[in-house]
Amino acid sequence: MSHIAEITLDDSALPPPTPEIEQERKVAIFDLLEDNTFVLPQRDERAVPDGPYRVTLSIRDKRLVFEVDTVDDTRAAEFHLSLGPFRQVVKDYFQICESYFDAVKTLPPSQIETIDMARRGIHNEGSRVLRERLDGKVEVDEDTARRLFTLICVLHFGG
């Protein structure tokens, strides 16, 4: 099965994340590595190296970059996505996350649940946008897209 065996965020040029953002990152990476689907389709009749894969995510020249290597260091793919389609959903996601983090400290569970439902809705929208942008480049399932979207948000946070 093709999957991600290792994922790295190239955030070397970004400011350090807040503790909340760092926690989101850790959880997303843990969950992603536990269970994911990441299939590179054949393109132009060229053979595609089989997984598992090592993926590095970065933002370069205002583009989201996926570098995909096999675990034995063979380059399997590299693709660049415009950040434009992600801007609004990432902004919305951070706003709702900030509300959620504040709510957890002071509000009753019923209000926290309402904010969390909104957060999940925006997160689902972000993963939908990501799957559309990855169409033809890599096939991912919904859970993998959700976790990758979280990691894209982490990169946006510093960018």
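Let me start with Thr 150, which is found in helix α4, residues 142-158, where helices (H or I, at least four residues) and strands (E, at least two) are DSSP runs numbered from the N terminus. Please keep in mind that this is a predicted model, in which local features need pLDDT of at least 70 and side-chain atom pairs count only at pLDDT 80 or more, while totals for chains, interfaces and linings use all residues. Residues are numbered from 1 along each chain as its sequence is written, and side-chain values use heavy atoms, with hydrogens and water left out.

Thr 150 is buried, at a relative accessible area of 7%; buried means under 20%, exposed over 50% and partly exposed in between, with a 1.4 Å probe and protein chains only. Leaving aside neighbours within four places in sequence, Thr 150 is in contact with Glu 24, Ala 28, Tyr 93 and His 123, contact meaning heavy atoms within 4.5 Å.

The axes of α2 (residues 87-106) and α3 (residues 109-134) come within 9 Å and cross at roughly 160°; axes are lines fitted to C-alpha atoms, for helices over the stretch in contact, and angles run from 0 to 180 degrees between N-to-C directions. The two helices are therefore roughly antiparallel to each other, a term used for angles over 145 degrees, with under 35 counting as roughly parallel, 65 to 115 as roughly perpendicular and the rest as oblique.

Turning to the sheet, four strands form an open sheet in the order β1-β3-β4-β5, with mixed pairing, and two strands pair if DSSP finds at least two bridges between them. β1 (4-10) and β5 (75-82) stand at the edges with a single partner strand each, so one side of each is left without a neighbour in the sheet. Within the sheet, β3 (residues 53-60) and β4 (residues 63-70) run antiparallel and are joined by eight bridges, and Tyr 53 has Thr 70 in β4 as its bridge partner. Helix α3 packs on this sheet, touching β4 and β5, and its direction makes about 120° with that of β5.

Finally, Asp 141 lies in the loop between β6 (139-140) and α4 and, at 24% relative accessibility, counts as partly exposed.
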